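Here is a short note to read beside the structure. Take the points in order and find each residue as it comes up.

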Amino acid sequence: MTDNQAIAASRTLTADQQAMIDVCYESILPGVRVTEEESFFDAGGDSIQLVHLVQLVQAKLGTSIRLSDFLYSPTRAALAEAIVARLPHD
Amino acid sequence: MDSTLIHLAGPTSPEVDLVVYPAAGAGPSYYHTWREFAPPGWRLRAVCLPGRGPRFGEPFAASVHEVADLVAEAAAADQRAPVVLFGHSGSSLWALETARRLAPALLATAGCQAPVPGRPIEYPEETDEANRIFTRQQLLALGITEQQVLTELVEVSVPILVADMALSQGWEAPDEPLCCPIVSYFGSDDAVPTDPWNAFTTATASIVTVPGDHNFTRHSPDALLADLSQRISAMLATSGRTS
């Protein structure tokens, strides 16, 4: 693990950011409760919805996450990790 | 669990098992809009071939026969009602090949010129640039407008399109006709020649023109689904009387 990754991994999302991710998920998959480790596809989402979710998270959280951060491991946990990893460094 | 067929909508005890093939280059999301249009008695399942949707990263299928084997096996393993196979554009050919293994109650094709029995499919060679432009247009039409996401998605999607086109290249349409009826839908603003598919069935082959361009299946499925619904209802009524 590089220093940067270690710094990134040590950060956690704020309650506001978590709530905002909830809003994004609810907007794309209304009424679906998605657990941290559950695949977006297993939760009933498809690939176009997945892309829309990434676009929405980028817009709502002002993050520069990439599609590939989420595409190959489409869980909330991976999404949070990507957001943390791509936060601008202090 | 078999991942070849993705459940999109419908009850556990359906009147009909509708299996839909996404267009070449696409995944199950191609039929996203159908969830809300499908009649309540239909179980709607979309084919998810390796390498797309939840199967990103898996190696692509190598031939139309492999695709047909995969789908026929998955559909037969959990068949709960008469099967209707539906293909759009190039995947109509895959649905035809699948129908030879599965004996569906109805084969539906959309936006696809009838092939010639025994003659290999020859698609013109497309440049990488042409594939990128095509893919970009398809994605823009789906509302994916954020430039960086769009660029990444084009990178991910073009190999899927290329693999799907390569699948059909050289495949020979079967010489032996099916027993089930075939209905072929065409978009009124599409350039695809509207020849009948009657060489592939001993039953009826119908042509239905619905409003829309080549992507009517995704963007304006109302007329198509209304017609398909009528056909399926008539089919179920007939089978109900004879059984």
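1. Start with the charged pairs between the chains. Two salt bridges are counted between chain B and chain A. Keep in mind that this is a predicted model.

2. Which residue of chain A does Arg35(B) meet in a salt bridge? The partner is Asp46(A), and the closest N and O atoms lie 3.9 Å apart. This pair crosses between chains. Arg35(B) sits in helix α1 (residues 34-37) of chain B. Asp46(A) sits in the loop between α2 (15-28) and α3 (47-61) of chain A.

3. Are the two partners buried or exposed? Arg35(B) has 28% relative accessibility, so it counts as partly exposed. Asp46(A) has a relative accessible area of 6%, so it is buried. The cut-off for buried is under 20%.

4. Now take the whole interface. On the chain B side, 16 residues are in contact with 18 residues of chain A. The area buried between the two chains is about 1500 Å². Carbon and sulfur atoms give 63% of that area. In chain B, the residues that lose the most area to chain A are Ser29(B), Phe56(B) and Glu152(B). Together they make up 31% of what that side buries.

5. Look at polar contacts next. Eight residue pairs are in polar contact between chain B and chain A, counting pairs with both residues at pLDDT 80 or more. Which helix gives the most to the side of chain B that touches chain A? Helix α5 (residues 147-168) of chain B does, with five residues. By type, that side of chain B has seven nonpolar, six polar and three charged residues.

6. The whole structure holds 18 of them over all chains. Some join up: Asp17(B), Arg43(B), Arg45(B), Asp78(B) and Arg80(B) are linked in a network of salt bridges.

7. Asp17(B) and Arg45(B) form a salt bridge, with the closest N and O atoms 3.9 Å apart. They link distant parts of the chain, 28 residues apart. Asp17(B) belongs to strand β2 (residues 16-21) of chain B, and Arg45(B) to strand β3 (residues 42-47) of chain B. Asp17(B) has a relative accessible area of 0%, so it is buried. Arg45(B) is buried too, at 6%.

8. The other pair is Arg80(B) with Asp78(B), a salt bridge at 3.0 Å, N to O. Arg80(B) is partly exposed, at 40% relative accessibility. Asp78(B) is also partly exposed, with a relative accessible area of 27%.

9. Turn to strand β4 (residues 83-88) of chain B.

10. Which strands pair with β4(B) in the parallel sense? One is β2(B), which pairs with β4(B) over five bridges. Here Val20(B) stands opposite Phe86(B). Another is strand β5 (residues 106-110) of chain B, also parallel to β4(B) and over five bridges. There Leu85(B) stands opposite Leu107(B).

How values were computed. Residues numbered from 1 in each chain as written. Chains lettered and ligands numbered in written order. Predicted model: local features only at pLDDT ≥ 70, side-chain atom pairs only at ≥ 80, totals over all residues. Heavy atoms only, no water. Contact = heavy atoms within 4.5 Å. Buried area = accessible area lost by both parts, 1.4 Å probe. Salt bridge = Lys/Arg side-chain N within 4 Å of Asp/Glu carboxyl O. Polar contact = N/O pair within 3.5 Å; in protein donor to acceptor, adjacent residues only side chain to side chain. Helix = DSSP H or I, 4+ residues; strand = E, 2+ residues; numbered from the N terminus. Nonpolar A, V, L, I, M, F, W, Y, C, P; charged D, E, K, R; others polar. Buried < 20%, exposed > 50% of the residue type's maximum accessible area, 1.4 Å probe, protein only. Pairing = 2+ DSSP bridges.
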